[in-house]
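Grab the structure below and follow along.

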Amino acid sequence: LNFLQGSCRPSGAVKNAIVCLVLLPRFLMAAVMFWLLDFLCIRKRVFFRMEQEGDAIDPPLCISDSNRLFSVESLKAVWHGHKLDFLKAAHLGHGAPNTEVVQLGDQRRSRILDYAKEKRPLILNFGSFVQQNADIADSIVVYIEEAHPSDGWMSTDAPYQIPKHQCLEDRLNAAQLMHLEVPGCQVVVDSMENSSSAAYGAFFDRLYILQEGRIVYQGDRGPEGYRISELRDWLSHYRQRMEKPSDLVIHV
């Protein structure tokens, strides 16, 4: 696993060693799970059970039989996601990282908190478009690096085959495809330094709610932790409590 060794080279050796030691057990568990899920009988049984136990509003995990989960590219992606999550700056109840993003239309650079309006919650969506309670909350979709690029961990289930972004123009063009499918949403793209993805631990996808510069809801890492039902529940609680002064760090 050369990509593991690359994460632990002498540059920042102590920090990298700690990261590797902490993440290695969960990474190995994920690798074993991927290997098991390549047996179709196990895959179908596990996904069927998850579908039965999940909320109907949450997007299902759809992986066709032709997609192989256990590969070098998939393990690279899993390690990358675990590492971003461990090192993220975003934490529930703390200040929201005000990272740079790029607007689709005029390619103007802005920052995450520029989209927050006074005391209204801002749904920060590192994933598919979800419009929830637009009367009480605003939302933006942040398009980040491809989770399943055609020249990496490719998925035949993806609606488009998009290679890894080599420049900002590539990322903007790919984000336009998303915007065409959901023209009513506000879409911005992460910088080529992946500053938003890193700060929010957003790879593969994730949901946040920001309010008055703080993180008041933090979803788990996707895809399994990408729970629209939790977002719905938070907003329902918020709607009920709008007229009651309280600390709005709501745990769901």
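Strand 3 has cover on both of its faces: Leu122, Leu124 and Phe126 are buried on one side, and Ile123 and Asn125 are buried on the other. Keep in mind that this is a predicted model. The other stop is a nonpolar patch out on the surface.

- Buried here means under 20% relative accessible area.

**Who pairs with strand 3**
- Strand 4 (residues 138–143) runs parallel to strand 3, and 4 bridges join the two.
- Across that pairing, leucine 124 sits opposite isoleucine 140 of strand 4.
- Strand 6 (residues 206–211) runs antiparallel to strand 3, with 5 bridges joining them.
- Over there, isoleucine 123 has isoleucine 209 of strand 6 as its bridge partner.

**The nonpolar surface patch**
- Val14, Ile18, Val22, Phe86 and Leu87 make up this patch, and together they have about 420 Å² of accessible area.
- Helix 2 (13–37) and helix 4 (72–87) are the elements that each give two or more residues to the patch.
- Helix 2 contributes the most, with 3 residues.

**A closer look at valine 14**
- Valine 14 belongs to helix 2 and is one of the patch residues.
- Is valine 14 buried or exposed? Its relative accessibility is 63%, so valine 14 counts as exposed, the cut-off for that being over 50%.

Note on methods
Residues numbered from 1 in each chain as written. Predicted model: local features only at pLDDT ≥ 70, side-chain atom pairs only at ≥ 80, totals over all residues. Heavy atoms only, no water. Patch = residues over 30% accessible without salt bridge, like charges linked within 9 Å, V, L, I, M, F, W, Y side chains within 5 Å. Areas by Shrake-Rupley, 256 points an atom, 1.4 Å probe, with all protein chains shown as cover. Salt bridge = Lys/Arg side-chain N within 4 Å of Asp/Glu carboxyl O. Helix = DSSP H or I, 4+ residues; strand = E, 2+ residues; numbered from the N terminus. Buried < 20%, exposed > 50% of the residue type's maximum accessible area, 1.4 Å probe, protein only. Pairing = 2+ DSSP bridges.
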